[in-house]
Amino acid sequence: MKVVVMNGSARVGANTKTVAEYIRTELANHGVTVDLFDVREHMLPIFQGDEAQSNDPHVQYLHKIALEADAFIICTPEYHNGMSGALKNALDFLSNTHFRDKPVGIVAVAGGGKGGINALNNMRIVLRGLYALVMPGQVVVDKAYVENGQITNSLLKQNLSALVDQIVQIGKALRGNRSTF
């Protein structure tokens, strides 16, 4: 089984990347092959719908790993009550071919008391448009629980592990059974 973990933060030292790396490790502990797509490391051009953009090596990499994926876990910071613009741009380069009937777990990292729920709702709407099977379970990470590149809260670790378990279980069950319509 192969899972793509997406880090939707382009900031240096982002808490969202810490969470994405934690999830990657949890998935690897399940014996799952993991590809990490980091919007900072794989700077994409602004999506214009131009076919020539498919020649960009970062776009090609994103298409390749998304097509091969059996499931996704997508992490975003909450910016102004939504997902990051860099993550939305990355999702704009993908289509229902990449997501149809694949389970997707979603995670938002937020601070300042806003809670991250609006970013999660924003991601659900976009992913529904891509025909993804967005899991009902989701995780909000308060940035207070991420310090010096480490997750410091045991309940948060349990919640992230539960999301990973769900993605692995459902991803394995659905693998090879995706619809073609």
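Asp 70 counts as buried, since its relative accessibility is 6% (buried means under 20% relative accessible area, exposed over 50%, partly exposed in between, with a 1.4 Å probe and protein chains only). The model here is a predicted one, where local features need pLDDT of at least 70 and side-chain atom pairs count only at pLDDT 80 or more, while totals for chains, interfaces and linings use all residues. Residues are numbered from 1 along each chain as its sequence is written, and side-chain values use heavy atoms, with hydrogens and water left out.

So who does Asp 70 pair up with? Its side chain meets that of Arg 175 in a salt bridge at 3.5 Å, N to O (a salt bridge is a side-chain nitrogen of Lys or Arg within 4 Å of a carboxyl oxygen of Asp or Glu). Arg 175 sits in the segment after α6 (154-174) and Asp 70 in the loop between α2 and β3, so the pair ties together parts that are 105 residues apart in sequence. Helices (H or I, at least four residues) and strands (E, at least two) are DSSP runs, numbered from the N terminus.

The structure holds eight salt bridges. Lys 17 takes part in a bridge with Asp 38, the closest N and O atoms being 3.1 Å apart. That pair links helix α1 to strand β2, 21 residues apart. Lys 17 also bridges to Glu 41, with the closest N and O atoms 2.6 Å apart; Glu 41 lies in the loop between β2 and α2, 24 residues from Lys 17. As for accessibility, Lys 17 is partly exposed at 25%, Asp 38 is buried at 1%, and Glu 41 is partly exposed at 49%. Elsewhere, Lys 2, Asp 35, Lys 64 and Glu 68 join up in a salt-bridge network.

Next comes the inside. The largest nonpolar core has 30 residues, of which Met 6, Ile 74, Leu 91, Phe 99 and Leu 127 touch the most other members (such a core is a set of buried Ala, Val, Leu, Ile, Met, Phe, Trp, Tyr and Cys residues joined through side-chain atoms within 4.5 Å). Helix α5 gives the most to this core, with five residues. A second, separate core of 27 residues includes Leu 27, Val 109, Val 139 and Leu 160. In helix α3 (residues 85-92), the buried residues are Leu 87, Asn 89, Ala 90 and Leu 91.
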